[in-house]
Amino acid sequence: MSDTHAHTVRFVRETMLPPQDPPSSQIGMVRWGRENLFDGPLNIILTVISLLVVLFLIMEMGPWFANSIWNANSLTECRQILDGASGACWGVIKDRWPQLMFGFYPPELYWRPVTALVLLFVAISPVLFPSVPKKVLYFTMVYPFLGVWLLWGGTIWGPVSVALGFVLGYVLVRATSQLSTLLSAAIVVILPILYWLFLAGPLVDALSAIAPLESQSVPSREFGGFLVSLVIGVSGIALSLPIGILLALGRQSNMPLIKYVSVIFIEFIRGVPLITLLFTASLLLNYFLPPGTNFDLILRVIIMVTLFASAYMAEVIRGGLAALPRGQYEAADALGLDYWKAQRLIIMPQALKISIPSIVSTFIGLFKDTTLVVFIGILDPIGLANATRASSDWQGIYWELFIFIGAVFFIFCFSMSRYSMSLERRLKTDHR
Amino acid sequence: MKKSVFMGTLATAALVAGYASATTLEDVQARGSLNCGVSTGVNGFSAPDANGVWQGFDVAVCRAVAAAVLGDPMAVNFVPTTGQTRFTALASGEIDILARNTTWTLSRDVDLGFTFIGVNYYDGQGFMVDRALGVSSATELDGATVCIQTGTTTELNLADYFRINNMTYEPVPIETNAEAQQQYLAGACDVYTTDASGLAATRASFETPGDHVILPEIISKEPLGPLVRQGDDQWADIGRWTLNALIAAEELGVTSANLEQMAAGTSNPEINRLLGSEGSLGEMLGLDPQWAMHAIAAGGNYGEIFAATIGEATPIGLARGLNAQWTQGGLLYTPPFR
């Protein structure tokens, strides 16, 4: 540089100015507010209205929650404590807590459903989390029988003899693997059913006579509250997925018999409201079955709920199957895999991954639908809320019970939904 | 139980195993417990308490029958039934007796094939209004909005009553009593109508019961009673005479307090026959000679049960009214124990 500028330019800055803070209207809350809440006249109006609504709700409901009363044994007592003020009477939850949880289950046996619930989480952990050792899966296979025994009690040989039917089925699958698929399928299905029909009953009696391993039996009618919701919901969820997969595959099958049976089943069940099926379970079956048969009501409800959810599940999975590119099927064929191997190794993992959001939606819907059993006289949480209100102590109480039940259902459904989102992220293999 | 609890397949096996036909009494005795259908919750009539034990006026009938047949008032399996499921549950044999504030009507008795074994509560449809409206008679209700449960006899009674009296009304259909309370208190309707016992129970739960009046008019007959399946007369007799025994005990002055003493024998032969120290009434029914004594011991006589569950000392506060003994101007009149 020459010094020619020295006299033409009066001032040359030699150091940089420190950067200044942006104007206060362009930072932090203010900017966020201006951009998101007060951006133009329409948004300003909407914001003000929303704020007023929020304020109104807080003014209305705030005192009600703030004046919550936990220690009261009746609504009258709550009203005396409140002395005219508005307030929530949560005493009802405290008073009826065991009933809302377990229904009429014998109190000295509460540990059994609790253990069953804890073991349920152990049993599903290898399915949910990849870090859990795979050996736990053996426990998962035992759990359905263990859980049933814990909940209903009675002789342990009942669940054991039913489980033996599945073992028999598995052995038959192995033994008939050389035969044609159709023949082997027929043997694998028919023999265990014959076993359950004719052999299992006498076997139970014989085994109980030899080694009477029994726990106190609890009949289904003593189940109630969230115990019933969970029993129906969990069995429905666990059974509807495999049945749904089979139906979805059946619907795509080349064999007309299987195809039409699947289509008719799916379309019939989807065309009928769940409440109709429940009424069928509780009323119509009673007329068809010979009088005196003891076909457990909760079992009937579980079957109906499972059938209902399976039909929806089948369509959800068919959506996943349809989304797979044709090339995947051809690739599986090109590798020389047979039908079941192709489904197990190539098709289903991809189809199920695609369908996760819808599958979980169906699960959540199924779980919430369990409250419909109130219409056939099963005392689920909603039914118990009605029964609670029918006692002189608590007649006239509404919101507290419904808010509590709603909150518990929300916890279950929300955690299912969050888990499915994390599962989707974990299984994400593309790079979009 | 163990075989049919959880396995659909095994339940089918239970079907195949077949069904040995027996009378209801034999079934109940073999089972060791009575299956009694009750409502899923009606204040004062049947509701589980905080310990899960069913309490109420209808429940007391079940307990008395269980005590008469099995000697143990607690040997009852309560099966909650809704308005839709109650008759099927009874017809299919799921329950042995239905005590669920059910109105005795001809069609239910004849067409549905049941036998009503008596009336344990004479009810009637009434009206409740806000005191501020200043209405003192149902004839002043012209043009009112009325909260009414759909699909019940009350709906038909209401239409009849307003037509006879040449009045108009606007119905607000509701599904349950709980919903009705909310609608009525929120002012969605001027009048709430249902059975008078239900109105009293509902009013008792209000924050300010004094602000509401139950109008004096009763516009229908609702004889509520327990019922059994038609065709097993022995079982119907047992139910009918257990209920009669409770009523007769009140008439004869037998209470749970003096029961032991009277059972030892009194100077009144009818009491002796009732309590089994004379005659063979129990044997005729196929029961223990002390059957009536067990039934009365379960919850006291009719009057004691009434007082403990729905009477004037309870929050529901029903007066005896029609349900007093015939000697007191009521309708309770039991045939003689002879």
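**Exercise 1. The nonpolar core**

Which residues of the largest nonpolar core touch the most other members?

Solution. A nonpolar core is a set of buried Ala, Val, Leu, Ile, Met, Phe, Trp, Tyr and Cys residues joined through C-beta atoms within 7 Å. A residue is buried if 20 or more other C-beta atoms lie within 10 Å of its own, exposed if 12 or fewer, and partly exposed in between, with C-beta atoms placed from the backbone. Among the 173 residues of the largest core, those touching the most other members are A:Val301, B:Cys36, B:Cys62, B:Ala68, B:Val191, B:Leu246 and B:Ala295. Helix H13 (residues 297-323) of chain A supplies the largest share of this core, 17 residues. Helices (H or I, at least four residues) and strands (E, at least two) are DSSP runs, numbered from the N terminus.

The model is predicted: local features need pLDDT of at least 70, side-chain atom pairs count only at pLDDT 80 or more, and totals for chains, interfaces and linings use all residues. Residues are numbered from 1 along each chain as its sequence is written, while chains are lettered from A and ligands numbered from 1 in the order in which they are written.

Next, consider one of these residues. Not counting residues up to four places away in sequence, B:Leu246 touches B:Ala64, B:Ala295, B:Ile296, B:Asn301, B:Tyr302 and B:Ile305. Contact here requires C-beta atoms, placed from the backbone, within 7 Å.

**Exercise 2. A helix pair**

How do H10(A) and H13(A) cross?

Solution. The axis of helix H10 (residues 225-251) of chain A comes within 5 Å of that of H13(A), and the two cross at roughly 45°. Axes are lines fitted to C-alpha atoms, for helices over the stretch in contact, and angles run from 0 to 180 degrees between N-to-C directions. Angles under 35 degrees count as roughly parallel, over 145 as roughly antiparallel, 65 to 115 as roughly perpendicular and the rest as oblique. H10(A) and H13(A) are therefore oblique to each other. In their contact, 18 residues are nonpolar, 6 polar and 2 charged. For this division, Ala, Val, Leu, Ile, Met, Phe, Trp, Tyr, Cys and Pro count as nonpolar, Asp, Glu, Lys and Arg as charged, and the others, Gly among them, as polar.

**Exercise 3. An enclosed helix**

Why is helix H13 (residues 291-299) of chain B described as largely enclosed by the rest of the structure?

Solution. The description applies because 8 of the 9 residues of H13(B) are buried. They are B:Trp291, B:Ala292, B:Met293, B:His294, B:Ala295, B:Ile296, B:Ala298 and B:Gly299. The cover over these residues includes helices H3 (57-70), H9 (233-252), H10 (259-263), H11 (269-275), H12 (281-285) and H14 (302-309) of chain B. After H13(B) comes B:Gly300, with a positive phi near 90°.

Key: Contact = placed C-beta atoms within 7 Å.
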